[in-house]
Amino acid sequence: MDPSMLPNPSKMLGLQAQVRHNASEISEYFSELSAWEDEVRAKDQAILKGDLNPSSKKKVLPGIRQKGFAEMVPSGMTGPKDKERKKKKGGGDDDDESRIKPKNYQDYNQWDKFVHKDLDKMLDDFDEEDRQEQEEGHRNRLAEERRKIEEKEKAARAHMEEAERLKNLGNDLLKAGDLEGARNMYGRAIETDPRNHIPFANRAQVLLKLNLFEEAVQDCTSALEIDPRYVKALLRRATAKASLSDREGALVDLKKVVMLEPTNKQAKDQIKECEMTDEERAAKAAAQAAAAEKEAKEKRKRERGAKKLVVRDADEAPP
């Protein structure tokens, strides 16, 4: 897995520290807000009790008929002039319910719901959510990688199967004597699956029959780069090198074959031939030519004898 895709521990620690700091500031803010609420609540209670200046130690109240007393009464409370006006209008005490009442500052306790008392638990929950998100992302990335690998394997299998089919067609054409067709089919198999060494070696066999020895050496070398122990490629490259008068190179390949297969008769025979002197090779070639000529004469003799037998049988046949 790519290390860059893993979470950075230092970055996560920094993020956790920032969250803790923010939570601490929030807690301090709500503590100050709660203290302010307590102070306002105390002042409100003092005002309700008649203390118009709770911050002053000495309570000085104006006379009942002093001008401006009504204005000094807290909003929502009835003063003497208010009662007189109600009597003139014929109103009763029930009108007090319709007047605006002072704010009950106990309602501010609702803010306590927003203060998270267990900061450690909040951080643990945050870490757990982050961990789950990272694990889910990791699982998704692994699933995507597995899917891509499976697609590549499927495509590779399809290429291998097609290359095998083309190689078998090349084998059939080679057996039928269609050298160019076999050469073309092996080439298509190589293009489809260049990691398969067998089509290279098989095409080299076709090139030997076409006397294209240098190209045969190249194909055998390509096959051996894929599988250095492939004996057929070593034998065919040795044959191509010998045809190019590179006897030392041919001997190197043939000795490798003997090391891999000590009982390989073809390799041993080719080693003997490569180690021959020019005179020995010329004598062998002359002997092979004489043997071939003798075989040709005997073949022609057999054919003439067969023709004479057919003519004699035709003459002796009844009318």
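## Overview

A helix here is a DSSP run of H or I covering at least four residues, and helices are numbered from the N terminus. The model is predicted.

The protein holds 11 helices and zero strands. Read from the N terminus, its elements run α-α-α-α-α-α-α-α-α-α-α. The protein has 319 residues, and 21% of them count as buried. Its accessible surface comes to about 23700 Å². Carbon and sulfur atoms account for 53% of that surface. Take the contacts between residues at least 6 apart in sequence: 48% of these join residues at least 24 apart.

## Helix α1 and Arg 41

Helix α1 covers residues 9-48, and Arg 41 is found in it. Is Arg 41 buried or exposed? Its relative accessibility is 18%, which is under the 20% limit, so Arg 41 counts as buried. The side chain of Arg 41 also has a polar partner: the side chain of Asp 38, at 2.7 Å.

Helix α6 has 12 residues. From its first C-alpha to its last, α6 reaches 17 Å. That is close to the 16 Å expected at 1.5 Å a residue. Which residues of α6 are buried? They are Pro 199, Phe 200, Ala 201, Asn 202, Ala 204, Val 206, Leu 207 and Leu 208.

Just after α6 comes Asn 211, with a positive phi of about 60°. Asn 211 has this positive phi although it is not a glycine. Asn 211 sits in the loop between α6 (198-209) and α7 (213-226). With a relative accessible area of 54%, over the 50% limit, Asn 211 is therefore exposed.

## Ser 245, between α8 and α9

Where does Ser 245 lie? Ser 245 is in the loop between α8 (231-243) and α9 (247-260). Ser 245 is a residue other than glycine, yet its phi is positive, near 65°. The relative accessibility of Ser 245 is 63%. This is over 50%, so Ser 245 counts as exposed.

## The nonpolar cores

How many residues does the largest nonpolar core have? It has 18. Inside this core, the residues with the most contacts are Ala 233, Leu 235, Leu 254 and Val 257. Five helices, α6, α7, α8, α9 and α10, each supply at least two residues of the core. Helix α8 gives the most, with five residues.

Which residues does Val 257 touch, leaving aside its neighbours within four places in sequence? Val 257 is in contact with Val 231, Leu 234, Leu 235, Asn 264 and Ala 267. One of these, Leu 235, is named with Val 257 for having the most contacts inside the largest core.

Gln 270 has its place in helix α10, residues 265-274. The relative accessible area of Gln 270 is 16%, under the 20% limit, so Gln 270 is buried. Setting aside neighbours within four places in sequence, Gln 270 is in contact with Leu 235, Thr 239 and Leu 254. Of these partners, Leu 235 and Leu 254 are among the residues with the most contacts inside the largest core.

Conventions: Residues numbered from 1 in each chain as written. Predicted model: local features only at pLDDT ≥ 70, side-chain atom pairs only at ≥ 80, totals over all residues. Heavy atoms only, no water. Buried < 20%, exposed > 50% of the residue type's maximum accessible area, 1.4 Å probe, protein only. Contact = heavy atoms within 4.5 Å. Expected span 1.5 Å × (residues − 1). Polar contact = N/O pair within 3.5 Å; in protein donor to acceptor, adjacent residues only side chain to side chain. Areas by Shrake-Rupley, 256 points an atom, 1.4 Å probe, with all protein chains shown as cover. Core = buried A, V, L, I, M, F, W, Y, C linked by side-chain atoms within 4.5 Å.
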